[in-house]
Amino acid sequence: MKKIASFLFAAAAVSLATPASAQFAKPEDAVKYRKNALFVMQQNFARLGAMAAGKAPFDAKVAAESAAVAEFMSKLPWTAFGEGTDKGDTRAKPEIWKESAKFKEYADKMQSEMSKLAAVAKTGNLDDIKTAVSATGGSCKTCHDAYRKD
């Protein structure tokens, strides 16, 4: 897990140092990038959700690590919603590009909730983690309801 997290952090740091326009050679590359970033974020958030729901045993160390990875990944996909990335293998609704300010507001809210979750997860307090998971999941759902095709 630590090797994967280290690799993801290093890869993300390199990608953040490159301007978005130069980062993706083709719109399909941007779509793949954002889908993969969102997938890794979701997988780590799901671990926390399973622990919070009692579907997986609570492990404070794993919770803190998963929350840290999810928080970091929550910052990555947004540069990949550029021009021309509304086509192809994507579940993104066209409203993302028509309502970019609102979409950004939702993304910022989710990142804020993800940061709160990561801070709470470091404490190891399961009740607080449950509350933060609920708030974070709600921010994800708000954006998905508005901007993601089923």
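**The cores and helices of a predicted model**

Colleague: Which residues touch the most other members in the largest nonpolar core?

Modeller: In this predicted model, the largest nonpolar core has 27 residues, and those touching the most other members are L48, M73, M114, L117, I129 and V133. Helix 3 (27–52), helix 4, helix 6 and helix 7 (126–147) each supply at least two residues of this core. With nine residues, helix 3 gives the most to this core.

Colleague: What does L117 contact, leaving aside its neighbours within four places in sequence?

Modeller: With those neighbours set aside, L117 is in contact with F45, L48, A67, I129, A132, V133 and T136.

Colleague: And M114, where is its place, and is it buried or exposed?

Modeller: M114 belongs to helix 6 (residues 100–123). The residue is buried, with a relative accessible area of 0%. Not counting residues up to four places away in sequence, M114 touches M41, F45, A70, E71, S74 and T136. Its C-alpha atom is separated by 8.9 Å from that of A135, which is 21 residues apart from M114 along the chain.

Colleague: Let us step back. How many helices and strands does the secondary structure come to?

Modeller: The protein has seven helices and zero strands. Read from the N terminus on, the elements run α-α-α-α-α-α-α.

Colleague: What share of the residues is buried?

Modeller: Of the 150 residues in the protein, 34% are buried. As for contacts with a separation of 6 or more, 77% are between residues 24 or more positions apart.

Colleague: Now helix 4. What is its reach from first C-alpha to last?

Modeller: Helix 4 has 14 residues and reaches 20 Å, close to the 20 Å expected at 1.5 Å a residue.

Colleague: Which residue caps its N-terminal end?

Modeller: D59 caps the N-terminal end of helix 4, with a side-chain oxygen 3.0 Å from the backbone nitrogen of K61.

Colleague: Which of the residues in helix 4 are buried?

Modeller: The buried residues of helix 4 are A63, S66, A67, V69, A70, F72 and M73. S66, placed in this helix (residues 60–73), has a relative accessible area of 0% and is therefore buried.

Colleague: What does the side chain of S66 make a polar contact with?

Modeller: The partner is the side chain of R47, and the polar contact is 3.4 Å.

Colleague: A change of topic: how many aromatic pairs does the structure hold?

Modeller: There are seven aromatic pairs in the structure. One of them joins F103 and Y147 in an edge-to-face arrangement, with 5.4 Å centre to centre and 80° between the planes. That pair links distant parts of the chain, since F103 is in helix 6 and Y147 is in helix 7, 44 residues apart.

Colleague: Which residues form the aromatic cluster?

Modeller: One aromatic cluster is formed by W78, F81, W97, F103, Y106 and Y147.

Colleague: What about the loop between helix 4 and helix 5; where does G82 lie?

Modeller: G82 lies in that loop, with helix 5 covering 95–98. At 27% relative accessibility, G82 counts as partly exposed. The C-alpha atoms of G82 and F24 are separated by 9.8 Å, and the two residues are 58 apart along the chain.

Colleague: Last topic. How many disulfides does the structure hold?

Modeller: The structure holds zero disulfides.

Colleague: Are C140 and C143 buried or exposed?

Modeller: C140 counts as buried at 18% relative accessibility; the cut-off for buried is under 20%. C143 also counts as buried, at 10%.

Technical notes: Residues are numbered from 1 along each chain as its sequence is written. This is a predicted model: local features need pLDDT of at least 70, side-chain atom pairs count only at pLDDT 80 or more; totals for chains, interfaces and linings use all residues. Side-chain values use heavy atoms; hydrogens and water are left out. A disulfide is a pair of cysteine sulfur atoms within 2.5 Å. Buried means under 20% relative accessible area, exposed over 50%, partly exposed in between (1.4 Å probe, protein chains only). Helices (H or I, at least four residues) and strands (E, at least two) are DSSP runs, numbered from the N terminus. A polar contact is a pair of N or O atoms within 3.5 Å; within protein, one must be able to donate a hydrogen and the other to accept it, and residues adjacent in sequence count only if both atoms are side-chain atoms. Contact means heavy atoms within 4.5 Å. A nonpolar core is a set of buried Ala, Val, Leu, Ile, Met, Phe, Trp, Tyr and Cys residues joined through side-chain atoms within 4.5 Å. The expected span of a helix is 1.5 Å times one less than its number of residues. Rings of Phe, Tyr and Trp (its six-membered ring) pair if their centres lie within 6.5 Å; planes under 30 degrees apart count as stacked, over 60 as edge-to-face and the rest as tilted.
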